[in-house]
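Student: I am new to this structure and would like to look closely at one part of it. Could you take me through that part slowly, and then through what surrounds it?

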Amino acid sequence: MEKILVVDDEQGLRDVLSIMLKRAGYAVTVASDGDEAIAQVQKEIFDLVITDLKMPRVGGLEVLKAVKAASPDTVVLMITAFASADSAVEAMKHGAYDYLTKPFQVDEVQLIIRNAIERRRLSTENMLLKRELASQSSFSRIIGQSEAMQKVYDVIKKVADSKSNVLIGGESGTGKELVARAIHFNSARASMPFVTVNCSAVPETLLESELFGHMKGSFTGAISNKAGLFEVANGGTIFLDEIGDTTPAIQVKLLRVIQEREFRRVGGTQDVKVDVRIVAATNRDLEKAVAEGAFREDLYYRLDVIPIKLPPLRMRTGDIPLLSQHFLEKFAKESGKPVPTMSQEAMRVLLAHEWRGNVRELENVVERVVAFTTGSSVTDADIRGWLHKPVSNQQALPSELPEDGLDLEGLINTIEKDLLLKALERSQWVKKRAARLLRLNTRSFRYRLEKYEIKGGRD
């Protein structure tokens, strides 16, 4: 429900607008003068402010400036007498959306307000679209015909229209975000926002503001009011990825949102009610984390109403040919190349690999193969050049020196190469970011890549 602030020193006009807007389904707050209006916008975020231009002491232009300073995305509509239309135009230069000239027709007012609210909605949708493009999963849809994936599809179909929270478990790279999207876009909430948050990618000090919003001046850097992502997702679904990495303080606040369906912005004094379905995901064993005291038990049971466990790729190897073909076609199209064929020998290598990085690792391998292969067929040599075998704990950290000794240099080289590849995988093959993960300068990192003949990636 959109929030509208009506500001006018004439009670009759305030009452008329308030009744009309409430009947239209909006949440309405009124202010009798500019001072009261400015106080309201400093403690609440409104979608639309309708303010008279001429008022005693503090006029509509000052209200407009205060609104834009506190909440730049809030739409402001001015009310003016015909004689002061020039002043209203001046207000539009300062950020007002439009103006109403007294006396006005109800139909005219309703149309302008609908257009103003639609502009606000489009602004929010544009912001969500930018987040969607920035965080879009690297593989575009769920692919798989194995029995394990068929079970996942069945669960998605059964629970999509439920209001219950969902907890998706599975190793990194298994496609947890894709499942969350499938749940949302097959539900009655499909036309409403789908908002993603990677809880492990945002520092704790910023995560609270990201989730719940903040008011201007609540902390250093809070230069304006900001709606949190729970508020943005109102009516839709919020996907909390890597929920197991949240701190106890954030867990307490998440529990309150689930239980009370409301929250308070950082620095705010009023509770904000929301209707949001939560789909969370983790690659951690949350039951173990609960037992160890690292995750709140009450929050775990609130999230784990509908559990979905995604199988690792090594447990559904029958899907590897289908996934490989999909990625071959995808990256060949993106690079403007003919789609190469996968040789039987190359496919046997893919089927035998452990795929600790799951579908994301397979996708990365195929992307690099398409980039570097010049022939019409992908050979087993093309594949092997990009695969690495994970080092077992026993090999990496031997508890005792074997009787016949060991190849220390070979062991160290194996561990070093494995960590280089893992850093590259985590950083999406951006070399500077991978070097930072390993605390290496760029020159040292490049030397090691050349040493182990690791190719590909970008600066």
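Student: How many bridges join strand 10 to strand 13?

Tutor: Strand 10 is joined to strand 13 by 4 bridges, and the two strands run parallel. Before going further, note that this is a predicted model, in which local features need pLDDT of at least 70 and side-chain atom pairs count only at pLDDT 80 or more, while totals for chains, interfaces and linings use all residues. Residues are numbered from 1 along each chain as its sequence is written, and side-chain values use heavy atoms, with hydrogens and water left out.

Helices (H or I, at least four residues) and strands (E, at least two) are DSSP runs numbered from the N terminus, and two strands count as paired if DSSP finds at least two bridges between them.

Strand 10 is mostly covered, with 5 of its 5 residues buried, where buried means under 20% relative accessible area, exposed over 50% and partly exposed in between (1.4 Å probe, protein chains only). In a regular strand the side chains alternate between the two faces of the sheet. Here Thr237, Phe239 and Asp241 point one way, whereas Ile238 and Leu240 point the other way. Phe239 also belongs to an aromatic cluster with Phe185 and Phe194.

Strand 10 leads on to helix 10, for it is among the elements that cover the buried residues of that helix, together with helix 8 (204-212), helix 9 (229-232), strand 11 (262-264), strand 13 (277-282) and helix 12 (297-303); contact here means heavy atoms within 4.5 Å. The buried residues of helix 10 are Ile250, Gln251, Leu254, Leu255, Val257 and Ile258. They cover an arc of only 160° around the axis, which puts them on the same side of helix 10; the arc is taken from the directions from the helix axis to the C-beta atoms. The 13 residues of helix 10 (residues 248-260) should span 18 Å at 1.5 Å a residue, and its end C-alpha atoms are 18 Å apart, which agrees; the expected span is 1.5 Å times one less than the number of residues. Just after helix 10, Arg261 takes a positive phi of about 55°.

Some of these covering elements are also linked by aromatic rings. Rings of Phe, Tyr and Trp (its six-membered ring) pair if their centres lie within 6.5 Å, and planes under 30 degrees apart count as stacked, over 60 as edge-to-face and the rest as tilted. A search of the whole structure finds 8 such pairs. The rings of Phe212 and Phe230 have their centres 5.5 Å apart and their planes at 5°, so this pair is stacked. It links Phe212 in helix 8 with Phe230 in helix 9, 18 residues apart, and both residues are buried. Phe212 also forms a tilted pair with Phe263, at 5.6 Å centre to centre and 45° between the planes. Phe263 lies in strand 11, so this pair ties together parts that are 51 residues apart in sequence. Phe212 counts as buried at 2% relative accessibility, and Phe263 is buried with a relative accessible area of 3%.
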